[in-house]
Amino acid sequence: MDEHTWHKRTETPLVVAGLAYLVAYSWRVIADLAGPARTVATIVIAVTWAMFIVDYLVRLFLAHDRRRWFRTHLPALAFALVPVLRLVRLLRVLTKVPGMKTTAGGVLRTQILVYGVGASLILIYLASLAVLEAERHASDATITTFGIAIWWSCVTVTTTGFGDYTPVTDAGRWVGVGLMFGGVALAGVITATLASWVLERAARDHDDEEPATRAQMRLLMERVDELTRVADAASAGAAPAGAGDSGGSGETVGSGGMAATGGAKGTGDPHEPEATTGAWTVDAEEVEDLAGGEADAPEPEPKGIPSGYETEHPHWPVGDGGDDRPGG
């Protein structure tokens, strides 16, 4: 079994385990359990957490390049350390918003926004549970209820810090440090996503001013190469097929795609004359036929003067050249 197959088979059980972890942890902290109930909740928390740790280690062991897999799968490490973050993956259904543009940038922004908001909510909720569990029974504690803990988490994650409620224990302060760093990171990601969306909306009617991406340039160069190959193939097909060969077929392809028979070398008769005009080769017999046809044709009458007009009008002026036709 490879790493990909293992991940596919364990994805759903781990999502259920993450949900069980969140329920058990919330029950233990909010209800302030004691005795057997607290033991049961603690066992559920430990088992589900161990499932995530084992899953991460197995995937790392099955990877072909463990060093590269570790660098490229940092979210898996975050899921192992904080199992409830796996629940963020359930928000993928919200990334398929009806009417959303299916461009790569639009899909990516939607995913970042949905996952960022979801991760922020989970971070606030978990920090509230952690600081309440650490502070509730401490002396001089101000964070003693879940409502106060939620308020403290919200003002801390936004780096506002009113100072009305502050942790007094070391564990509570470490929770505050993690919440502040996580809040700054998530706020930066969400803000950058919104800024990118605003810029796209502003430049929607001015796409000619946008710089081309590397993918667009690669696509353009591939198209140019394809057209060049087609042009080269067409040029090679337009060359004379029997050039220089005595007795060859003598067919040539003109620029219009038509073929004309060649002369001495093309027909195989070395004594047959030929006449050439540009890229076309015409037999002498055809030229004589054309010339004879033109010689036998009747001379056209002067345009606009009917036949016998001169005899009826003897005073009609004649030209300087002595021609008996008007204006000759």
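1. A residue is called buried when its relative accessible area is under 20%, exposed when that value is over 50%, and partly exposed in between. By this scale Asp32, with a relative accessible area of 35%, is partly exposed. The structure discussed in this note is a predicted model.

2. The average pLDDT of the chain is 73, and 64% of the residues score at least 70. Residues 242-282 have a pLDDT below 50, and in the model this stretch makes 52 contacts beyond near neighbours in sequence. A further stretch, residues 318-323, also has pLDDT under 50. For residues 318-323 the model has eight contacts beyond four places in sequence.

3. The next topic is charge pairing. Side chains of opposite charge can pair when their charged atoms come close. The structure holds five salt bridges. One of them joins the side chains of Glu3 and Arg59, with an N to O distance of 2.8 Å. Because Glu3 belongs to helix H1 and Arg59 to helix H2 (residues 36-62), this pair ties together parts that are 56 residues apart in sequence. Glu3 is buried, its relative accessible area being 15%. Arg59 is buried as well, at a relative accessible area of 6%.

4. Another salt bridge is formed by Arg28 and Glu133, whose closest N and O atoms are 3.0 Å apart. Arg28 lies in helix H1 and Glu133 in helix H5, so the pair ties together parts separated by 105 residues in sequence. Are the two partners buried or partly exposed? Arg28 is buried, with a relative accessible area of 13%, whereas Glu133 is partly exposed at 28%. Arg28 and Glu133 also belong, with Arg38, to a network of salt bridges.

5. At 0% relative accessibility, Leu129 counts as buried. Which residues does Leu129 contact, leaving aside its neighbours within four places in sequence? They are Tyr25, Ser26, Val29, Ile30 and Phe146. Leu129 and Trp27 are 102 residues apart in sequence, yet their C-alpha atoms are 9.9 Å apart in space.

6. The final topic is empty space. Rolling a probe the size of a water molecule over the atoms shows where such space is left. The largest pocket has a volume of about 670 Å³. Of the 25 residues that line this pocket, Val82, Leu85, Ala119, Leu123 and Leu186 are the closest to its centre. Helices H1 (3-30), H4 (74-81), H5 (104-135) and H7 (170-202) are the elements that give two or more residues to the lining. The largest share of the lining, 10 residues, comes from H5. By class, the lining of the largest pocket has 21 nonpolar residues, four polar residues and no charged ones.

Technical notes: Residues are numbered from 1 along each chain as its sequence is written. This is a predicted model: local features need pLDDT of at least 70, side-chain atom pairs count only at pLDDT 80 or more; totals for chains, interfaces and linings use all residues. Side-chain values use heavy atoms; hydrogens and water are left out. On a 1 Å grid over the protein atoms alone, a cavity is a set of points where a 1.4 Å probe fits but cannot get out, and a pocket is an open set with protein on both sides within 12 Å along at least five of seven lines; lining residues have an atom within 4 Å of a point. Grid points are joined across faces, edges and corners, and a volume is the space filled by probe spheres set on the points. Helices (H or I, at least four residues) and strands (E, at least two) are DSSP runs, numbered from the N terminus. Ala, Val, Leu, Ile, Met, Phe, Trp, Tyr, Cys and Pro count as nonpolar, Asp, Glu, Lys and Arg as charged, and the others, Gly among them, as polar. A salt bridge is a side-chain nitrogen of Lys or Arg within 4 Å of a carboxyl oxygen of Asp or Glu. Buried means under 20% relative accessible area, exposed over 50%, partly exposed in between (1.4 Å probe, protein chains only). pLDDT is the predictor's confidence in each residue, from 0 to 100. Contact means heavy atoms within 4.5 Å.
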